[in-house]
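The following account leads the reader through a single protein chain, from its overall dimensions to individual elements. Please keep the sequence and the coordinates in view while reading.

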Amino acid sequence: MAEGESNVLTSDKVEYFCHTSGTTGKQKLIPTTKRGRRVPTKYMVFLINRFAYKEFKEKRNYGRGLMIADITMTNYTKGGYPVCSATSGGIKAMKTMLPYMYTSPIDVMEIKDKETSSYLHLLFALKEVNLLFINGVFISNVVDLFRILQENSSKLVEDIRRGKVSRTINLEEDVRQKLNSYLTPDAGRADELQRIFKHGFAGVARRVWPKLLYIGSVTGANFAIYDDMLNYYTDYLPVYSPVYAATEGTIGMNPFVKKIEYVIIPDTVYYEFIPEKEMNIKNPKTLCLGELKEGEKYEILMTNCMGLYRYRLGDVVKVVGKYNNTPTIEFLYRRNQVLNMVSEKTNEEHLTSTIKDAIKTLNIDIVDYTTLPDNTITPGRYVFYMELKNCLMHEEKCKLEEFLDKELRGANLAYDRARASKKLGRLKVIALRPNTFKKVKEALIKNEVSKNQIKIPRVVTEKYEVIRILEENSIK
């Protein structure tokens with residue numbers, strides 16, 4: 001299909017191909033058709049805003065928001081089809097509406113470099129005193145945005161004062177001139193921001209944008225480790241996780257701003273569900289939407305109108321209730337993100353609960369982490385690569401290893417049995433130099449992952465470039 005042949009998996013004309021994030025393996029190309037794109041639009045554009053309006057209507061000022069998004073095409077297939085992320089394709093389809101909804105000009109969304117585009121998103125948002133919301137695909141993107149604000153606050157203030165983009169920002173000259181045409185000098189706003197930044201960056205979002213109501217971004221599950229990092233900058237602004245979607249299809253909408261629970265959308269794809277106990281069987285039985293039971297866990301299969309038939313998404317979810325007659329679900333983990341050295345199957349859910357407990361109990365300030373199975377010694381063990389804001393002394397690192405091992409044994413009984421029988425050794429923590437995960441993200445972007453679709457893989461068994469960066473930046 002990518003080489004231009006038609007009528008292969010679908011009779012519909014392919015508009016472009018979306019690439020998956022590649023978190024759990026090689027990136028895949030997913031064909032996108034006009035019908036497949038239009039089906040979820042009513043949910044992604046209109047229903048999200050409906051739920052947000054319902055929750056915040058008392059304070060809503062109908063202002064614009066900051067949307068951390070891009071519409072960049074990474075390349076083209078042999079058949080001449082554009083390749084982009086699903087988010088980019090969706091944003092591009094509604095580009096005529098963008099100036100009324102978001103502060104950033106479309107020119108900013110066309111910039112490929114993550115740091116540059118984030119800087120420019122901030123520049124235009126800082127001029128908007130009545131900013132209503134900040135949206136990002138994942139909560140980690142929003143945390144990165146505030147990190148860039150903290151690192152570049154003086155430069156941003158000066159650009160607002162002068163009404164021009166700093167020459168230190170790497171831009172093509174025609175793009176720079178276009179962006180400058182949208183700006184005017186604003187010494188008053190620059191002075192105000194300078195005073196705000198002098199008082200530090202704890203709770204800075206509420207001080208910069210007094211009418212900011214919420215952050216719209218996917219969080220929960222393995223993204224939960226970023227919650228405290230974001231709360232530092234936003235002083236606990238509500239985080240609304242509006243949608244559960246993948247490149248392959250839009251699965252659920254969240255009508256609840258104060259909790260993360262998705263109502264399965266019945267008409268975007270056709271669903272089947274594999275019960276958890278059947279997931280490793282060669283020909284598992286499947287259930288339909290109306291056969292799901294509350295409290296049970298399932299892997300999702302989907303058939304969409306763009307050429308995927310009984311596609312195993314790899315996502316495992318838990319049914320937590322009903323919304324009218326439709327099941328509501330909670331995302332748990334990806335099946336392929338698993339440490340499995342002696343059939344213990346430690347998954348993202350186990351890792352996330354363990355890391356969250358360590359952050360809370362030991363009061364460690366973590367930037368990010370990933371893991372790797374280590375078979376260079378006997379018995380084998382897990383290695384946790386962790387970038388921390390503060391350096392750990394040897395005794396503190398040993399205490400962290402002991403705590404993580406104990407919590408992981410409690411989270412995964414199969415791991416506990418492997419440890420008790422000495423099939424696995426105690427896990428090891430390797431501390432990383434500052435900005436290691438920034439380098440990891442840059443490497444992923446070079447491999448054509450969308451800069452706004454990046455997820456740090458929690459298991460990096462076959463991510464050889466990522467492993468090289470981790471090893472080069474390990475603190476021995």
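The model is predicted: local features require pLDDT of at least 70 and side-chain atom pairs count only at pLDDT 80 or more, whereas totals for chains, interfaces and linings use all residues. Residues are numbered from 1 along each chain as its sequence is written, and side-chain values rest on heavy atoms, with hydrogens and water left out.

The chain contains 17 helices and 20 strands; these are DSSP runs numbered from the N terminus, helices being H or I of at least four residues and strands E of at least two. Its C-alpha trace spans about 70 × 60 × 50 Å along the principal axes. The radius of gyration, taken over C-alpha atoms, can be compared with a globule rule of 2.2 Å times the number of residues to the power 0.38. For 476 residues a compact globule would have a value near 23 Å, and the chain, at 23 Å, agrees with this. Of the 476 residues, 55% are buried, where buried means under 20% relative accessible area, exposed over 50%, and partly exposed in between (1.4 Å probe, protein chains only). Contact means heavy atoms within 4.5 Å. Among contacts between residues at least 6 apart in sequence, 63% join residues at least 24 apart.

Strands of a sheet pair through backbone hydrogen bonds, either parallel or antiparallel. Here, two strands count as paired if DSSP finds at least two bridges between them. Four strands form an open parallel sheet in the order S3-S6-S7-S8. Strand S3 (66–68) and strand S8 (239–240) stand at the edges with a single partner strand each, so one side of each has no neighbour in the sheet. Two bridges join S7 (residues 214–218) to S8, and glycine 216 lies opposite tyrosine 240 in S8. Helix H7 (residues 139–151) packs on this sheet, touching S3, S6 (133–138) and S7, and its direction makes about 125° with that of S6. Such angles run from 0 to 180 degrees between N-to-C directions, with axes fitted to C-alpha atoms, for helices over the stretch in contact.

Strands S18 and S19 pair in the antiparallel sense over eight bridges, and a hairpin of six residues joins them. Tyrosine 369 has methionine 386 in S19 as its bridge partner. Seven of the nine residues of S18 are buried, so this strand is largely enclosed by the rest of the structure. Leucine 372 belongs to S18 and is buried, with a relative accessible area of 15%. Beyond its neighbours within four places in sequence, leucine 372 has contacts that include Tyr382, Val460 and Ile467.

Ile467 is also among the buried residues of helix H17 (residues 464–472), together with Val466, Ile469 and Leu470. These residues cover an arc of only 160° around the axis, which puts them on the same side of H17; the arc is that of the directions from the helix axis to the C-beta atoms. Their cover includes S18 (366–374), S19 (381–388) and helix H16 (436–446).

Helix H15 (residues 413–420) has Ala414, Tyr415, Ala418 and Arg419 buried. They fall within an arc of 140°, so they line one face of H15. Leu413, Arg417 and Ala420 are exposed on the other side of H15. The cover of its buried residues includes strand S17 (346–347), S19 and helix H14 (394–411).
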